[in-house]
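Subject: Structure for you, with notes

Hello,

Here is the structure I promised to pass on. Please open it alongside the notes that follow.

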Amino acid sequence: MTAETANMTLLDDTRIGIFITTKRDGMPIGIPVWFDWDGKTIRCFAEKGSKKIKRLARDPRASLLITNNAGEPEAWVAFDGEVTIKDEGAIELAEKLAGQYYDLTEEVYAKRLASWKASPESFVLLEMTPSNIRTGG
């Protein structure tokens, strides 16, 4: 197994990604996100009026960084590319990811997902087919 292949196995487990966009002044800003990777495309969802959506509308370039957890061998994967914002598919992805990132038997999380599903028009789907995939560790 090559180092790159070993690093890509990070994506076999549920992890938080750091989604990096740029402010108007060029300063990078990173925020934690849930993500889905199908081997070709990265998908995330976001509230339509969020600041990250405003930044992406101005400049669609972004990176998504996924790292090892404490106690695991050092490894990381970064996806770089342009993000497309879509009005369809966000709630479906939110529902899929909520089952991975939340224990939906806990009432607080079940209610949060139900509130998202009650206003699907409030969310957008973010898609990136990376132009570059970097690994290290």
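The buried residues of α3 are covered by several elements, including β3 (36-37), β4 (42-47), α4 (107-118) and β7. Please keep in mind that this is a predicted model.

**Confidence**

The protein chain has an average pLDDT of 92. A score of at least 70 is reached by 96% of the residues. Among the elements, strand β7 (residues 123-128) has the highest mean pLDDT, 98. Helix α1 (residues 3-8) has the lowest, 59. Where pLDDT is low, predicted coordinates should not be read in detail.

**Helix α3**

Helix α3 covers residues 90-101, which makes 12 residues. At 1.5 Å a residue it should span 16 Å, and its end C-alpha atoms are 16 Å apart, so the two values agree. The buried residues in α3 are A90, I91, L93, A94, L97, A98 and Y101. Viewed down the axis of α3, they fall within an arc of 150 degrees, so they line one face of the helix.

Take A94 as one case from this helix. Is A94 buried or exposed? Its relative accessible area is 1%, under the 20% cut-off, so A94 is buried. Leaving out residues up to four places away in sequence, A94 touches W34, F45, L113 and W116. The C-alpha atoms of A94 and C44 are 8.1 Å apart, with the two residues 50 residues apart along the chain.

**Strand β7**

How many residues of β7 are buried? The count is 6 of the 6, so β7 is largely enclosed by the rest of the structure. In a regular strand the side chains alternate between the two faces of the sheet. In β7, F123, L125 and E127 point one way. V124, L126 and M128 point the other way, and all are buried.

Strand β7 has pairings with β4 and with β6. β4 and β7 run antiparallel, joined by 6 bridges. A46 has V124 as its bridge partner in β7. β6 and β7 also run antiparallel, with 4 bridges between them. There, K86 stands opposite L125 of β7.

**Two loop residues**

T41 sits in the loop between β3 and β4. Its relative accessibility is 7%, so T41 counts as buried. The side chains of T41 and T129 are joined by a polar contact of 3.4 Å. Not counting residues up to four places away in sequence, T41 touches D36, E127, M128 and T129.

S122 belongs to the loop between α4 and β7. With a relative accessible area of 29%, S122 is partly exposed. Beyond residues up to four places away in sequence, S122 touches A46, E47 and K48. S122 and S50 are 72 residues apart along the chain, and their C-alpha atoms are separated by 10.0 Å.

**Helix α2**

Helix α2 takes in residues 51-58, and K52, I53, R55 and L56 are buried there. Those residues cover an arc of only 160 degrees around the axis, which puts them on the same side of α2. The face turned away from that buried side carries exposed residues: K51, K54 and A57. Cover for the buried residues of α2 comes from strands including β1 (17-22), β2 (28-33), β4, β5 (61-67), β6 (76-86) and β7.

Which residues of β1 are on its covered face? They are G17, F19 and T21. I18, I20 and T22 form the uncovered face.

β1 and β2 run antiparallel, joined by 6 bridges. T22 has P28 as its bridge partner in β2. The hairpin of β1 and β2 has 5 residues between the strands. In that hairpin, G26 takes a positive phi near 90 degrees.

β1 also pairs with β5 in the antiparallel sense, over 3 bridges. Here F19 stands opposite L64 in β5.

**Where to look when you open it**

Start with β7, where 6 of the 6 residues are buried. Then turn to α3 and its buried face. Finish on α2, where K51, K54 and A57 are exposed on the face turned away from the buried side.

Best wishes

Terms used:
Residues numbered from 1 in each chain as written. Predicted model: local features only at pLDDT ≥ 70, side-chain atom pairs only at ≥ 80, totals over all residues. Heavy atoms only, no water. pLDDT = per-residue confidence, 0-100. Expected span 1.5 Å × (residues − 1). Buried < 20%, exposed > 50% of the residue type's maximum accessible area, 1.4 Å probe, protein only. Arc of directions from axis to C-beta. Contact = heavy atoms within 4.5 Å. Polar contact = N/O pair within 3.5 Å; in protein donor to acceptor, adjacent residues only side chain to side chain. Pairing = 2+ DSSP bridges.
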